[in-house]
Amino acid sequence: MVKHQPLQVYERQLCLSCITGIYGCRWKRYQRSHDDTTKWELLWSLILLFTFCLLLVWFYFWWEAHNDYNEFNWFLYNRSGEWSDGTVPILATTAAGFTYIAFLMVLALCHIALGQQLNLHWLHKIGVTVALLTTIVGVISINQTWGQEWDVIPISLQATGPFLHIGALAAVTALSWIVAGQVARTEKTMFQVVVMLLYLSVLLGLYLVPLYISSPCIMDPSSLKPRPNVIGHQGAPMLAPENTLWSFQRALQMNTTGLEADVAISMDGVPFLMHDHTLRRTTDIEDIFPDRHMNDASFFNWTDLQQLNAGQWFLKDDPFWTVRTLSRQEKDLIANQSVCSLEQLLKLASYHNSTVVFRLRRPPPEHPCYDSWINDTLQAVQQSGVPQSLVMWTPDEHRAQVRQLAPGLIQTSVEKLSPQSLEEYGISRLLLRYNQASTEEIRNFTHNDINLTLYTVNEPWLYSVLWCSDVSSVSSEAPQILKKVPYPVWLMSPDEYRLVWVSADLVSFAVVIGIFIFQKYRMSGMRSYNPEQIMLSAAVRRSSRDINVMKEKLIFSEVGNGAGSADELYGDTGYNYYTNQGISQ
């Protein structure tokens, strides 16, 4: 006589199969385990967590650095000699890597919540390693080539800090479900204590973080100063080729109160507008003077410069991805732009009663105007007929001589000096990069009647932070964007912020306490349950369409050989099952 072990029935667990299958390629029930995670896999979990945190900071950095993408591309151009938007591949790889690592983090948390053993598949381990190493290389590269841009993180936190705090508080509060489940499920007192201490420390830290959040936008709205003036940096370079007449005209159409340009001196002593040291990027020099395309822009006379086209490159390269928004008439105007002289710019500014600030680049030592560059520039200013009170003079060389020859010029420094030193040198204005002055320093300059202009400000959030910091004016490549910012992006009184802070903490605390109580009640009111528990009685209660019947074991035992019955072998397994009668042979 032979006895047959009954067929065993299992409930479908598609969600669990997907979680464990995608994370560790454990698609089958017998491949999964509720045992403690090994130390090796715990190490990989920590590496995954570190990679996620690093990528989160890296992603945030590039998100906020959007204000300075053009500056980054110009750095790349100086190194490679070819213009391209280097931010596109960086953003694409960063977004892909962050999405991938964040997805693995979610799967890992699901494993913990379901009591499954963590076992990251080796392909994912390779992916995590690649993501980690790539991010580290990127951080090192940026630190060496564009280190000043790291300042955008603390500056941006003045605008995003209160909102990031609420988001982090919501995430950690939601995490209490997993923490409470682990504490209620485990029987190890030491483990419970360690987990609770770690979680409560993080939660308490988040509750107190607002004590250290400082933002100029947390202020009494009645003390908000007037809207800062906007100066068109190189005109409106997102709408027209930089440093051309059409670019400055477009900037004036965007209600700018000033214009900023970069000035070089030609071989015959004519100051003209050019940002780069060569003419390759912004003119058709390679077509007109192919043998001289690598020469310094200062080694061309004005007659040669007037032959160059300074607009077609903009339509071809589309440096700001804005060409598609231009009309046919605008494209025709852009295609016919030429190199602009300083005198032309000054006449335009004089006509519109607009302030002009320019950075004057001294020509190389072998240049015929190496010694006369200051006088040549002053002569151009005087010939233009512009009121001297509209011109901000930035060169430090021969400043005393310039003050004697043109006492009406607005003496401006591009170096950060104390208010006392500025007063001593007779300087009334400062032109600095936006990361060179803190909120306290901005207000100190304002208090001492020093007019401070910060560059380059293109994003509404940055403009809002500087507005609340009492800055008097900003220089922008995007006046068309700042024109749409009539009020700070957000402004909150200290009392309102304290109310939001305390309310968020109280709600979080109440939710965490409720979750811990519910998890304790839930775990204590039910016996230990395996989501894939074998349900031998399910065949009686469910139709064949609702269950998946698996033949896990079929044991044949002969009564005559003394091997014992199947009941003896499986009587203590704890599973419910039914038995078929044996068949005599």
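Let's start at one residue: R433 sits in strand β9, residues 429-433. Strands here are DSSP runs of E, at least two residues, and helices are runs of H or I, at least four, numbered from the N terminus. R433 counts as buried, because its relative accessibility is 4%. Buried means under 20% relative accessible area, exposed means over 50%, and partly exposed is in between, with a 1.4 Å probe and protein chains only.

A word on the source. This is a predicted model: local features need pLDDT of at least 70, side-chain atom pairs count only at pLDDT 80 or more, and totals for chains, interfaces and linings use all residues. Residues are numbered from 1 along each chain as its sequence is written, and side-chain values use heavy atoms, with hydrogens and water left out.

Back to R433. What does R433 touch, beyond residues up to four places away in sequence? D68, E71, Q148, E149, L454 and Y455. Contact means heavy atoms within 4.5 Å.

Follow L454. Its contacts, leaving aside neighbours within four places, include R433, Y434, L466 and V471. L454 also belongs to the largest nonpolar core, which has 60 residues. L452, L454 and L466 have the most contacts inside that core. Helix α18, residues 460-468, gives the largest share, seven residues. Apart from this core lies another, of 33 residues, among them L346, C369, W393 and V402. A nonpolar core is a set of buried Ala, Val, Leu, Ile, Met, Phe, Trp, Tyr and Cys residues joined through side-chain atoms within 4.5 Å.

Next, the backbone. Most residues other than glycine have a negative phi, and most peptide bonds are trans. Now look at Y455 and T456: a cis peptide bond joins them, with omega about -20°. T456 is in the loop between β10 (451-455) and α18.

Two residues have positive phi. D318 has phi near 45°, and N353 has phi near 55°. Buried or exposed, what is D318? D318 is buried, because its relative accessible area is 18%. D318 lies in the loop between α11 (312-317) and α12 (328-335). N353 is exposed, because its relative accessible area is 58%. N353 lies in the loop between α13 (342-351) and β6 (355-360).

Finally, the whole chain. The protein chain has 22 helices and 13 strands. Of its 585 residues, 48% count as buried. Among contacts between residues at least 6 apart in sequence, 68% join residues at least 24 apart.
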